[in-house]
Amino acid sequence: MYSIVVESIYLLVIVTLISVLQNAFFALKVEKEGNCQNIPTSTFERVCCANRNCMDAYPTFLAVMWCAGLCLNQAPAAFAGIIYLAVRQKYFVGYMGQTSQSTPGYMFGKRILFFLFLMCIVGIFNYLLVRYCSSEYKEYVETITGAASALLLIP
């Protein structure tokens with residue numbers, strides 16, 4: 001029983017742990033920039049702002065990734081999660097330069113969150129269909145969702 005549960009969530013766990021490491025990296029960047037000078041600089045303020053923006057979106061990311069993975073399929077949800085983390089890294093680095101450099105990462109991140117949200121809705125809808133209409137569309141929906149996750153790579 002335990003191995004069945006772990007098998008159904010291990011990809012989500014891996015992405016979550018990677019996201020924790022990324023958060024630690026962001027925090028270290030803030031700490032490093034703060035220790036460089038006693039007087040707050042514009043670079044320090046940008047790093048703090050980028051970190052705060054990433055942390056503000058973090059609970060939403062975790063919620064939709066886990067819900068999408070549990071309600072529908074963990075593989076596309078985890079794939080979207082990895083792409084989101086890469087985009088968040090691009091956003092963070094871009095924000096440390098000029099704020100206009102962070103805009104593409106921000107917009108792409110929103111698109112990934114929307115995709116994960118749609119996966120949640122489809123998963124819930126599929127569950128209700130199976131539960132109340134005795135229809136079995138789960139395999140079709142998982143196939144379509146897996147194929148649609150590749151569309152995330154299109155800029």
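**View 1. Helices α3 and α4 make a left-handed crossing**. This is a predicted model, as are the views that follow. Here α3 covers residues 74–96 and α4 covers residues 103–133. Their axes come within 9 Å and cross at roughly 160 degrees. Since angles over 145 degrees count as roughly antiparallel, that makes α3 roughly antiparallel to α4.

**View 2. A closer look at who touches whom between α3 and α4**. On the α3 side, the contact is made by P76, A77, A80, I83, Y84, V87 and Y91. Facing them from α4 are G105, Y106, F108, G109, I112, L113, F115, L116 and M119. Sort the residues of this contact by class and you get 14 nonpolar, 2 polar and no charged. As background, an α-helix has 3.6 residues a turn, so residues three or four places apart point the same way.

**View 3. Helix α3 on its own, with N73 capping its N-terminal end**. Look for the side-chain oxygen of N73, which lies 3.1 Å from the backbone nitrogen of A75. Now follow the helix from end to end: at 1.5 Å a residue, the 23 residues of α3 should span 33 Å.

**View 4. Helix α2 packs on α4 at an angle of about 35 degrees**. Helix α2 takes in residues 42–71, and its axis is 8 Å from that of α4. The crossing of α2 and α4 is left-handed. From α2, the contact uses F61, V64, M65, C67, A68 and C71. From α4 come L113, L116, F117, M119, C120, G123 and I124. The tally for this contact is 12 nonpolar, 1 polar and no charged residues.

**View 5. Helices α2 and α3 pack with their axes 10 Å apart**. The angle between α2 and α3 is about 175 degrees, which makes α2 roughly antiparallel to α3. What classes of residue turn up in the contact of α2 with α3? There are 16 nonpolar, 5 polar and 2 charged residues in it.

Note on methods
Residues numbered from 1 in each chain as written. Predicted model: local features only at pLDDT ≥ 70, side-chain atom pairs only at ≥ 80, totals over all residues. Heavy atoms only, no water. Axes fitted to C-alpha atoms, helices over the stretch in contact; angles between N-to-C directions. Helix = DSSP H or I, 4+ residues; strand = E, 2+ residues; numbered from the N terminus. Parallel < 35°, antiparallel > 145°, perpendicular 65-115°, else oblique. Left-handed = near helix turned anticlockwise from the far one by under 90°. Contact = heavy atoms within 4.5 Å. Nonpolar A, V, L, I, M, F, W, Y, C, P; charged D, E, K, R; others polar. Expected span 1.5 Å × (residues − 1). Polar contact = N/O pair within 3.5 Å; in protein donor to acceptor, adjacent residues only side chain to side chain.
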